[in-house]
Amino acid sequence: MKIHPSADVQTSQIGTDTTIWQYVVILAGARIGRDVNINAHCFIENDVTIGDRVTIKSGVYLWDGIRVEDDVFIGPNVTFTNDKFPRSKVYPERFVETTLERGASIGGGATILPGVHIGRGALVGAGAVVTKSVPPYAVVTGSPARITGYVDAGEQPREEDRVEMPSERDRVVALDVKGVTLHRLKQVSDIRGDLSVGEFPVDIPFVPSRYFLVYNVPSEKTRGEHAHHKCRQFLICVKGSCSVVADDGRSRIEVLLDSPDLGIYLPPLTWGTQYKYSSDAVLLVFASDSYDAQDYIRDYESFLQTVSPKDEIS
């Protein structure tokens with residue numbers, strides 16, 4: 001452990017190999033993990049927990065209620081808050097908790113409002129103002145922050161020389177996420193108009209028990225963000241466009257659905273997210289099972305524990 005002589009460090013709860021630079025103030029109740037790097041001119045209050053291998057750049061103040069998990073990066077001059085209705089000399093019984101999950105990165109100058117939950121591996125762009133919780137691995141930018149992508153997903157390229165899309169000849173393409181496939185459905189066009197058709201279970205790989213439509217979604221909103229234990233789903237954007245992110249706990253990929261003859265199959269235990277809805281988007285979803293609230297996995301950490309043994313999750 002290395003502590004610069006100019007730092008005022010009152011806590012003894014500091015892990016090995018942690019470095020604390022010039023003019024840092026850390027109060028007695030703070031808990032700091034191993035191999036943490038706290039740059040100059042930072043302030044850390046009492047009810048603060050910092051995990052292992054965290055990097056905190058200069059000019060960051062961590063107030064009571066901040067929880068920072070392992071491998072988080074906090075850029076310079078990031079602003080945290082812990083009271084939704086602050087008044088001078090008026091204190092709540094307990095400050096609102098704000099959590100930065102494992103592997104998240106916060107760009108310089110971002111502002112994080114109280115009670116916000118930054119999901120595992122998420123990326124907050126420089127200068128963003130985060131007013132709502134951020135899903136795992138989401139990329140958010142702007143003020144207020146909105147989802148603009150997903151880490152390591154990369155929208156499925158449409159150029160034939162990069163990735164082959166489903167065609168009239170090869171109607172099904174396996175993607176890089178376990179069990180997820182992209183389907184080109186049959187399309188018939190003539191002077192009377194266009195028709196797209198799929199048969200169950202030949203073109204769509206199960207016989208559905210229900211369907212639902214998603215529409216009138218504001219462009220900045222995100223849908224899905226869950227997995228199923230047993231239910232299978234097939235998604236077609238029958239009007240407009242939207243992007244689908246599929247995640248098996250190890251890999252994720254983003255696909256743009258922008259044609260009524262293009263569908264994506266999501267098997268059980270696939271974390272699915274839909275966003276980037278066009279103003280006229282209508283998303284049709286076929287489901288293999290009737291609605292069952294117990295079949296949903298709505299917490300990403302629980303999803304990871306389900307699909308991977310605990311000691312394999314990184």
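Tyr-137, Trp-271, Tyr-300 and Phe-303 form one aromatic cluster in this predicted model, where rings of Phe, Tyr and Trp (its six-membered ring) are taken to pair if their centres lie within 6.5 Å, with planes under 30 degrees apart counted as stacked, over 60 as edge-to-face and the rest as tilted. Because the model is predicted, local features need pLDDT of at least 70 and side-chain atom pairs count only at pLDDT 80 or more, while totals for chains, interfaces and linings use all residues. Residues are numbered from 1 along each chain as its sequence is written, and side-chain values use heavy atoms, with hydrogens and water left out.

A search of the whole structure finds ten aromatic pairs. In one of these, the ring centres of Tyr-150 and Tyr-275 are 5.2 Å apart and the planes stand at 75 degrees, so the pair is edge-to-face. Tyr-150 belongs to strand 21 (residues 146–150) and Tyr-275 to strand 32 (residues 271–275), so the contact ties together parts that are 125 residues apart in sequence; helices (H or I, at least four residues) and strands (E, at least two) are DSSP runs, numbered from the N terminus. Both Tyr-150 and Tyr-275 are buried, where buried means under 20% relative accessible area, exposed over 50%, and partly exposed in between (1.4 Å probe, protein chains only). Tyr-300 and Phe-303 form a tilted pair, at 5.6 Å centre to centre and with 45 degrees between the planes. These two residues both lie in helix 1 (residues 300–307), three residues apart, or about one turn of the helix, and Tyr-300 and Phe-303 are both buried.

Strand 29 (residues 242–247) is joined to strand 30 by six bridges in the antiparallel sense, and Asp-247 stands opposite Arg-252 in strand 30.

An open sheet of six strands, also with antiparallel pairing, has the order 22-23-31-28-33-26. Its edge strands, strand 22 (172–174) and strand 26 (210–215), each pair on one side only. Within this sheet, strand 23 (residues 181–184) and strand 31 (residues 262–266) pair in the antiparallel sense over four bridges, with Arg-184 opposite Leu-262 in strand 31.

Terms used. Pairing = 2+ DSSP bridges.
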